[in-house]
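This note sets out points for a colleague who is meeting the structure for the first time. Please read the numbered paragraphs with the sequence and the model at hand.

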Amino acid sequence: MNFSWPSILLSAGVSAGLFAMSGCDQLPGKPKESDRWQPPEAIKDFKTLFGANCSACHGDDTSIGPSISVQNPLYLAVIPKDILRKIIADGIKGTPMPGFAKANGGDLTDEQVDILVNDLTSKAAQQTNLPPYSAAPGDANHGSEVYNQYCANCHGQAGQGGEKAGAVVNPDYLHLVSDQYLRSVVIGGRPELGMWNYQEFVKGHPMSSQEIADVVAWLGSHRLTNQEGNAAASPTANGSSQ
Amino acid sequence: MMTTLKNIALWFERRLHLVKLYEQTAGHPVPKSTGSWFYTFGSMTLTCFVIQIVTGIFLAMAYVPSAAEAYHSLELLNYAQPLGWVMRGMHYWGSTMMVIVMMCHMTQVFLWGAYKYPRELTWLSGCVLLVLTLGLAFSGQVMRFDADAYWGVGIGAAVGGRIPVVGDAVVHLLLGGPIIGTDALSRFFSLHVFILPGSLLAFVSIHLRLVLGKGINEQPKPGVLVKRETYDQYYHGIIKREGVPFAAIINKDVVANGILLLVIVALTLFVGPKGPGIPANPPLVIPEAKPDYPFLWLFAAAALLPNGSEIWLFFVFPAIAALALFALPFLSNEGEKHWRRRPVSIAIVVLTYLGVGLLTYEAIVGPWSPHMDAWSGLPIKAEYIKGRTPVELQGALVFQNMQCRNCHAIAGEGGHRGPDLTAVATRMTNPQLVRQVIQGGGNMPAYARNLSPEETRALVAYLCSLHPPNVPPAREAVGVLKPIGESSPTPTPGGNSVTSNQ
């Protein structure tokens, strides 16, 4: 029994000390308010909302998305706020962009959509004389010349792809993107991927709104018609369905 | 004065017989060799149980066993009640340690042959205590009433429902209705705070009575065999030669229990209580509901079992295990007690611990569920986006948008249900990828109806770009097959288009 009494006292002392520490707020075991679960609707922080809903396709400060960067200042300067809001809330039919508002089966409340829109538009470039977000369909014939002047250097002759960038007349690509998307990419560029914006293709000679519309029309003219598309869709030559 | 005090003491002694009680319990003689570190696990288990009772009483003062209030009462304990989180932490870690030290105790008793004649009933009552303790651990996990608890009960009920004939009745008895709500929670509450602890107290009493009555197992010596005819006399001889009062050799128990208490307090203060996690709300998407530590191995076993063998895991295996545990002292009633001469026993212990340990490890690290938020919240690393053609980029977009990423990682990030696709182009050709995407297979759903031909081709074009720069993509073993009589298709650059002539 000789050594057990000091052991008991030591244990009791250390336990009492640890218990006394339990009043201390800095203990790592004490549950923190920040760890407390909160419903998804309660998230009001732009970074968290953007990270959870947008970043995987559009990229963020540290990553590159396969689709256009919605934090591109030029893109944000061009797109009207109400259209940006509508796109986030309702999505764009016929493209991979889904509607994120609860009314469209998404997870975001109206307030959360507003947070995204307001924070994004605050990042817009402060430039004037920018081409409008959208324009009437252009002239595809003239678009061919525009392409050769501004785009062929990277995307190759007739849009078939060059050393610096891939083909832009691939029917599958054109089927999956809208004319508006093509226009937005031409205006804002993909700086994160090394693609210039409409002001930079030819130094000192920004593309005009009409030229952008024309080159988009030329690109669109490479889309396959439904019939051609269906023929191309069949994975085997004997036309078995997929 | 002294005489008066002595008379009072004697008055009580004549009625309570405290001296006799001391002689029969703390003062009863035990073999000196049992004053060993290996013999401390039993008292440690008891200490855990006492901690559970004390902290459990405090928790019950704040806890409301109703589906609507349980979660909030835990938040109250965690964030508002002074020391509420300490009580929760002590109760959680006390429970975890109770299962651990109880397993140590059982292993020691098994390896030391203490279950043999004449201590069969001590072992059997210990087996009942094991079942009761695991029952307490499971019902205690339900008390949190968060998603883990909810799905845990759901699985428990699903297993119960498979019992032949009485399955439905068992589920109804357990849940009190068709859903997991307040009725179910009150039933688990009654189990957790009345029925199981009450039964545990009763069986602890029986267990200790048997320990006192049949004596603590002496440290076995190799070659000394237990025989029913001679053992009682042998044990009596040991007590006579080297018997010491139990109270005189408890110093190691005191130290071990002190350390145990410190470990529980330290885990509480530095790791903290568990949960409550996501509330028990079925519409909330729970990517991964997991049970507490003592049941992780079972969770992993259920996840890894081949389809259709659940009946073996949930009924046949427990029945065999229970039968083996309860029959052990009768199957091996006499003979060698020392572990050095019982290789089969050592193999059983090693294999059991290896199995449980590996399954627990798998449960902790295993990719059990898709990464449900990856499609919208997990960007692909820049190096797997840069340098791609426009159509490949659209393919990457399809990859995210169709939630492929929830099951397939790229560069290790994403779901792990399916294969990592970081270098998929080095092992599959374009046509093979098209086939896999549209037909699925190997646990992957078919996407033919969910993808347009353009999306499929763009997606596969992107997948074909996933190979290290110094490793070429996989090639077809034969040339492109074509129906007889058709001209040869024009190969396309990079092999990215499967449909150039189709």
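1. A residue is called buried at under 20% relative accessible area, exposed at over 50%, and partly exposed in between, with a 1.4 Å probe and protein chains only. By this rule Leu21(B), at a relative accessible area of 46%, is partly exposed. Leu21(B) has its place in helix 2 of chain B; helices (H or I, at least four residues) and strands (E, at least two) are DSSP runs, numbered from the N terminus.

2. The model is predicted: local features need pLDDT of at least 70, side-chain atom pairs count only at pLDDT 80 or more, and totals for chains, interfaces and linings use all residues. Residues are numbered from 1 along each chain as its sequence is written, chains are lettered from A and ligands numbered from 1 in the order in which they are written, and side-chain values use heavy atoms, with hydrogens and water left out.

3. Leu21(B) also belongs to a nonpolar surface patch of about 990 Å², together with Met1(B), Met2(B), Leu5(B), Ile8(B), Trp11(B), Phe12(B), Leu16(B) and Leu18(B). Patches consist of residues with over 30% relative accessible area and no salt bridge; like charges are joined within 9 Å, and nonpolar side chains (Val, Leu, Ile, Met, Phe, Trp, Tyr) within 5 Å. Accessible areas come from the Shrake-Rupley method with a 1.4 Å probe, and for residues only the protein chains shown count as cover. At least two patch residues come from each of helix 1 (2-16) and helix 2 (18-24) of chain B. Helix 1 of chain B gives the largest share, 6 residues.

4. How many residues of each chain are in contact? Chain A brings 59 residues into contact with 58 residues of chain B, contact meaning heavy atoms within 4.5 Å. Between the two chains an area of about 5000 Å² is buried, and carbon and sulfur atoms give 69% of this. Buried area is the accessible area (1.4 Å probe) that two parts lose on being put together, summed over both.

5. The rule finds 2 salt bridges across the interface of chain A and chain B, a salt bridge being a side-chain nitrogen of Lys or Arg within 4 Å of a carboxyl oxygen of Asp or Glu. In one salt bridge, the side chains of Arg457(B) and Asp172(A) meet at 2.7 Å, N to O. Among the elements that give two or more residues to the side of chain A that touches chain B are helix 1 (4-21), helix 9 (171-176) and helix 12 (226-233) of chain A. The largest share of that side, 9 residues, is supplied by helix 1 of chain A.

6. Over all chains, a search of the whole structure finds 14 salt bridges. Asp90(A) and Lys86(A) form one of 3.0 Å, N to O. The two residues are 4 apart in helix 5 (residues 81-90) of chain A, so about one helical turn separates them. Asp90(A) is partly exposed at 38% relative accessibility, whereas Lys86(A) is exposed at 51%.

7. Is Arg190(A) buried or exposed? Arg190(A) counts as buried, at 5% relative accessibility. Its salt-bridge partner is Glu192(A), with the closest N and O atoms 2.8 Å apart; Glu192(A) is partly exposed at 22%.

8. In chain B, Arg144(B) pairs with Asp146(B) in a salt bridge whose closest N and O atoms are 3.6 Å apart. Arg144(B) is buried at 7% relative accessibility, and Asp146(B) is buried at 2%. Shared partners join Arg144(B), Asp146(B), Lys274(B) and Asp292(B) into one network of salt bridges.
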